[in-house]
Amino acid sequence: MLRTHNCGELRLENVGEEVILCGWVDTIRNLGSLVFVDLRDKYGLTQLNIDPKLFENLAIKNEYCIQVKGVVRKRQEINPHLPTGEIELAVSNITVFSKSKLPPFEIKDDTNALEDTRMEYRYLDLRRPIMQRYMKIRSDLSRYAREYLYQNDFQEIDTPTLIKSTPEGARDFLVPSRIYKGCFYALPQSPQLYKQLLMIAGTDRYFQLAHCYRDEDQRADRQPEFMQIDCEMSFVDRDDVLKIIEGLLKYVFKKTIDVDLPDFVRMDYSYAIDKYGCDKPDMRFEMLLNDVTDSLQNCGFKAYDGKTIIALKVDDYADKVSRKHQDADNLLAKKYRVFGVSHLKYENGQFVSSIVKNINQENLEKLAARLDVKDNDLLIICADSDATRAKSALGALRLAYGKEMGLIDKNVYKPLFLINWPMFEKTAEGNYECLSNPFTRPVDEDLPFLETDPSKVRSTSYDTVINGVELSSGALRIHDSDVQKKVFEIIGLSDEDIETRFGFLVKALQYGVPPEGGFGIGVERLAMELAKTDNVRDVVAFPKNLKGFEPLSSCPSKVPEADTDVLGLKIVEDEQNGQS
RNA sequence: GGAUCUAUAGUGUAGCGGUUUAUCACGUCUCCCUGUCACGGAGAAGACCACGGGUUCGAAUCCCGUUAGAUCCGCCA
């Protein structure tokens, strides 16, 4: 037996026992004729009291991996900050399992080593207690999600990860086939098509903790390789599915971080865009957007003619917003391709701004009345021919101001379902495209619009959003082949297109499809919420950086020519194609 | 594909045209220390200031380029 206890469990009642502990040397406090060492493992710290001669002989250094034997004894002075702070181990014997080089950064929670450095030595980074906590949360969430789904009669099935490439949605990671030269497998972006086949197969309730891959540019909250809690259910309507999502998330939050989520509210997609300027509203604070096009109709300012005009009112904050601040706001707004925003400060019953001289007094009064503007309120106005663009820009500013003004309480959770998404969107060329995938079922009462005006059709898609983070999305699927045909027609898919892209699914749809629906919950996003971090790399053991590079093992990497030859691949100078 | 920011001992930082022999903290090394727990005290070592050009009498500092990283827009059905 290598150890009798871990480093987090010894207490006063163990005093007098002879125990063996294993772990890493955390902190050394050498007082001369008395040496204290904190021994660290996953479970905590235990103070060792080591004879200086023994300590010197072994030349113990930080991060050595050791085993110690000794008797537990009460400390002369307790350390209230440590669970094991009332005892220490009087060490009689030390075995050094393994020495350690000097680590490139200190193994403690408040390290400020650059992420780059941390990633190169991820195994040391993960030794830090805070990272251990993140990994635990990730593990717990998987465990409790499974637990909940098993309790609700879901069956776990693994679907393939070498699949047919479907040129739809995100870019696929491709894997070249050795036997079929010139042919490729794709890594799945989601188990979407397979889970629909499983419903046709009569599985009834399926789930999987699925590995998914998307070859798109990275973000702070997005990795090329990620996991989904992927579910699909037969003979259900939307409410049945939403009930499972809500139940699952409530269960996971409670079990993992002991938080009782409030009941999930429902919000229309159009309301979210109008009032929050995005499709993942953060409801922890108000400060909603307002369409003030009416108030500024024919206001005399040519730049506003024919535009949609959106206003964000920031209460009692005008004096805090300097010229420099306004420039920064403009920079942020311009990312959303608007010309910019105007700041109107309300002082002594009047708007003060560089643009007020262009606007009729009458319109300004209308505007003030419409938004109930008071002294020291700030209006940020954005006008654009594209209403959604203006709303997005102000939506981003809303979040920035909410954060800056401290309106966001990190201990509050505001979950919602975003429903009634548009089924189609028009491309620049005037064609229709599915906003979601083409198997998404339209809302029943909108079915007639498939014939008359597809832009009015809403889909049964639902996103789950908590605190401005999209945690899951899903939808009911089309089970009526006529509806399916009509949808394909609207997005201009020829029979040939359909056949090559997903002929196998369309074929299956001819053999009795149950009304079904499902969802996928992003495991990393959920873990980020539970861990209260906004960096996805914190909850992934071995993450990739923004360029999809994994600094620890230096991947992706070049391979010997013989390996590409056997795959029938030719590597073109300075380009790496088809490797995965 | 585009925008912004960043790069200085092992780690994190200061410096932002000339008092620099480059600041400070942590870490490391040596010595002292019997109750520490952010131990304390004395001392020491450690940096081609990312790389390549340019401006200048003079560049860590200003400019251009390259590389690497971060954040965002596009993208992510």
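This is a predicted model: local features need pLDDT of at least 70, side-chain atom pairs count only at pLDDT 80 or more; totals for chains, interfaces and linings use all residues.
1. Is Glu-524 buried or exposed? Glu-524 is buried, because 21 other C-beta atoms lie within 10 Å of its own; here a residue is called buried if 20 or more other C-beta atoms, placed from the backbone, lie within 10 Å of its own, exposed if 12 or fewer do, and partly exposed in between.

2. Residues are numbered from 1 along each chain as its sequence is written, and chains are lettered from A and ligands numbered from 1 in the order in which they are written.

3. Chain A has 580 residues, of which 33% count as buried, and its C-alpha trace spans about 90 × 75 × 55 Å along the principal axes. The chain holds 15 helices and 22 strands, taken as DSSP runs (H or I of at least four residues for helices, E of at least two for strands) and numbered from the N terminus.

4. Chain A is divided into domain 1 (12–98), domain 2 (131–267 + 413–419 + 461–479 + 514–565) and domain 3 (285–404), with bounds that come from an automatic or database domain assignment. The C-alpha centres of domain 1 and domain 3 lie 62 Å apart.

5. Returning to the opening residue, Glu-524 lies in helix α14, residues 523–531, and eight of the nine residues of α14 are buried. These buried residues pack against α4 (129–151), β9 (205–213), β10 (225–234), β20 (462–466), β21 (469–477) and β22 (516–522). Just after the helix, Lys-532 takes a positive phi of about 60°.

6. Leaving aside neighbours within four places in sequence, Glu-524 is in contact (C-beta atoms, placed from the backbone, within 7 Å) with Gln-223, Phe-226, Met-227, Val-536, Val-539 and Val-540. Glu-524 and Arg-138 are 386 residues apart in sequence, yet their C-alpha atoms are 7.8 Å apart in space.

7. Around RNA strand B there are 51 residues, and Gly-32, Leu-114, Gly-169, Asp-217 and Leu-546 come nearest; a residue is near the strand if its C-beta atom, placed from the backbone, lies within 6 Å of it. The elements giving two or more residues to this surface are β1 (18–30), β3 (44–50) and α2 (115–120).

Note on methods
Two residues are in contact if their C-beta atoms, placed from the backbone, lie within 7 Å.
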